Amino acid sequence: MVVIRIVILAALSLIRPCVASSGNCRGDASIVCSQLDQNFTSALFLPDETEYPKLRSENWSQTAWRKPSCIFRPANAQQVQQVVAMLVKSNVCFAVRSGGHSPDPTAANIDNGVLVDLSGLNRVENRPSDQVAVIGSGLRWGEVYSQLQPHNVTVVGGRVLDVGVGGLTLGGGLSYLSDLYGLVCDNVVNFELVLANGSLTNANQTHNADLFWALKGGGNNFGIVTALTLVTYPDMQVWGGVKTYDMKDLPALYAAMLRYQSVRDKDPYANLMLQGFITSTSAVVVLNLIYLGPKESPPAFAPFYGINATSDSTKISSFTEFLATQGPVNFPRRVDWRTTSFTPNAAVYRKIHDLLTATGNSNLLRQITSVPDGTVAFGVQPISANVMAQGALRGGNALGLSAVNQTWHVLDVGWQLEKDDARVHAATRKMTDEIEVASRAEDAYLPYLFMNDASWDQDVIGHYGARNVARMKLVRAKYDPKNTLQRLMPGGFKLH
């Protein structure tokens, strides 16, 4: 085994050095791989090893399957410190993966660099006396919920169980509990992270408070988060499930959505998401409903009750059981998505309907559905002003959100073949551009872009507002004065 590993590392030294998109990352990854091999043999995976093909392709979308020079799986924060020190000293590109759910090609994987896989950071420590839980950043939300459930508590976390803790939280994070308690990032009371200089520190309201604020929406710009301390809340029984509808009912569903969003005093226990899935041969609309209490058919959803559903799985269950029903089933393996935001508006909803049906110019839709396995999934996510109010009560965040009722719209697209990547991406971009044209015409446009739903070429942080961007740059200058993470970790949404 030792001889084989030496041969592999020697071969790696012949591969061209990793060069970041900025051109400032020119180190030889084989040097760091060799150092890691000497110190952490069982935690290092090289290209010729049995585990490597599976590990390099654990990212949810094939668009993010890369070929790193080696994959390192640290077991604790101290090992993260050590690998960061090696990478910085050798000027080597790297990527960090929590759950790997983003389809961004380089956000959580890399070619010819080192992939730091955080899945070994998997502790869940419930602290009932403090009403918090310490959660490793390499976990996925399903693992978090299942480990907290025996303690009869839960946290404000992801709506899809196989999404990673780290990426969702640092992107803001939307939860079905957000109307009550704010976004996922708003419920963090402490970040443990490794800075670019290799030091391990904490950020909270009383220690490194500026960094604490910037991490809430700051992505991977400030360090590698190794653990998060989240507020816990009593676990609950909920009423909820999925209703499906014919595509012909989409206008009625949009009208119901508008009425739901226009209520003066929205019930914070009610939440939903309207989705649709369209291929060249089929189309279905899906309404995910949840009420945070065991109350069947609550009045908050009354605008939707008069629309005939083709199926209905709503029932009373545990919150975790409900979450197990979320997320697409059998979605194509190559994925892209794109987001935009606007205040609730009938004309904008009509424009989206036209883009998604034969009612309007559906050429863009056909550009996607005509390729093998071409699928368009649209999502309408109603966000109430209370989400922002709860975030402000918890110290605020870097997102620059307007304190108004709004819709976060997302197009999730899937397809089969790499050769269609550019075609699908361009069509998705044009569809979103047309939605933004409509929202601007109605004075409904909002600049905010939800990082967790954004495509790789959207300037997410640039849309947080000039004041917040300037403040984030001051934080970066303080904690990463040499701009190391910008140079060595080229993937993800960057602070420019």
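1. Just after helix 4, Asn-91 adopts a positive phi of about 60°. The structure under review is a predicted model, and residues are numbered from 1 along the chain as its sequence is written.

2. The length of helix 4 may be checked by simple reasoning. Its 14 residues, at 1.5 Å a residue, should span 20 Å, and the C-alpha atoms at its ends are 20 Å apart, so expectation and model agree. At the start of the helix, a side-chain oxygen of Asn-76 comes to within 3.2 Å of the backbone nitrogen of Gln-78.

3. Which residues of helix 4 are buried? They are Ala-77, Gln-79, Val-80, Val-83, Val-84, Met-86, Leu-87 and Ser-90. The list includes Gln-79 and Ser-90 as well as Val-80 and Leu-87.

4. The structure holds 16 salt bridges. One of them is formed by the side chains of Arg-73 and Asp-117, with an N to O distance of 3.8 Å. This pair links distant parts of the chain: Arg-73 belongs to the loop between strand 2 (70-72) and helix 4 (77-90), whereas Asp-117 belongs to strand 4 (residues 114-117), and the two are 44 residues apart. The surroundings of the partners may be read from their accessibility. Arg-73 has a relative accessibility of 30% and therefore counts as partly exposed, while Asp-117, with a relative accessible area of 1%, is buried.

5. Asp-117 also meets the side chain of Arg-97 in a salt bridge, at 3.4 Å from N to O. Because Asp-117 lies in strand 4 and Arg-97 in strand 3 (residues 94-97), this pair ties together parts that are 20 residues apart in sequence. Arg-97 has a relative accessible area of 1% and is therefore buried.

6. A further salt bridge joins the side chains of Lys-419 and Asp-420, again with a stated N to O distance, here 3.4 Å. Elsewhere, salt bridges that share partners join Lys-54, Glu-58, Arg-73, Arg-97 and Asp-117 into one network.

7. The structure holds 1 disulfide. Which cysteines does the disulfide join? Cys-33 is linked to Cys-70, with an S to S distance of 2.1 Å. The link of Cys-33 and Cys-70 is left-handed, with -90° about the S-S bond. The pair connects distant parts of the chain, since Cys-33 is in helix 2 (residues 29-39) and Cys-70 in strand 2, 37 residues apart. A disulfide is a covalent bond between the sulfur atoms of two cysteines.

8. The accessibility of the cysteines deserves a separate remark. Cys-33 counts as buried at 0% relative accessibility, and Cys-70 is buried with a relative accessible area of 0%. Cys-185 likewise counts as buried, at 0% relative accessibility.

9. Strand 11 (residues 237-245) contains Gln-237. Of the 9 residues of this strand, 8 are buried, so the strand is largely enclosed by the rest of the structure. Gln-237 itself is partly exposed, with a relative accessible area of 41%. Leaving aside residues up to four places away in sequence, Gln-237 touches Leu-292, Gly-293, Pro-294, Ile-316, Ser-317 and Ser-318. The C-alpha atoms of Gln-237 and Asn-483 are separated by 47 Å, and these residues are 246 residues apart along the chain.

10. With which strands does strand 11 pair in the antiparallel sense? With strand 15 (residues 315-318) the pairing extends over 4 bridges, and the bridge partner of Val-238 in strand 15 is Ser-317. With strand 13 (residues 283-291) the pairing extends over 7 bridges, and Tyr-245 has Val-285 of strand 13 as its bridge partner. Strand 14 (residues 311-312) also runs antiparallel to strand 11 and is joined to it by 2 bridges; there Thr-244 stands opposite Ser-311.

Technical notes: Predicted model: local features only at pLDDT ≥ 70, side-chain atom pairs only at ≥ 80, totals over all residues. Heavy atoms only, no water. Salt bridge = Lys/Arg side-chain N within 4 Å of Asp/Glu carboxyl O. Buried < 20%, exposed > 50% of the residue type's maximum accessible area, 1.4 Å probe, protein only. Expected span 1.5 Å × (residues − 1). Polar contact = N/O pair within 3.5 Å; in protein donor to acceptor, adjacent residues only side chain to side chain. Contact = heavy atoms within 4.5 Å. Disulfide = S-S within 2.5 Å. Pairing = 2+ DSSP bridges.
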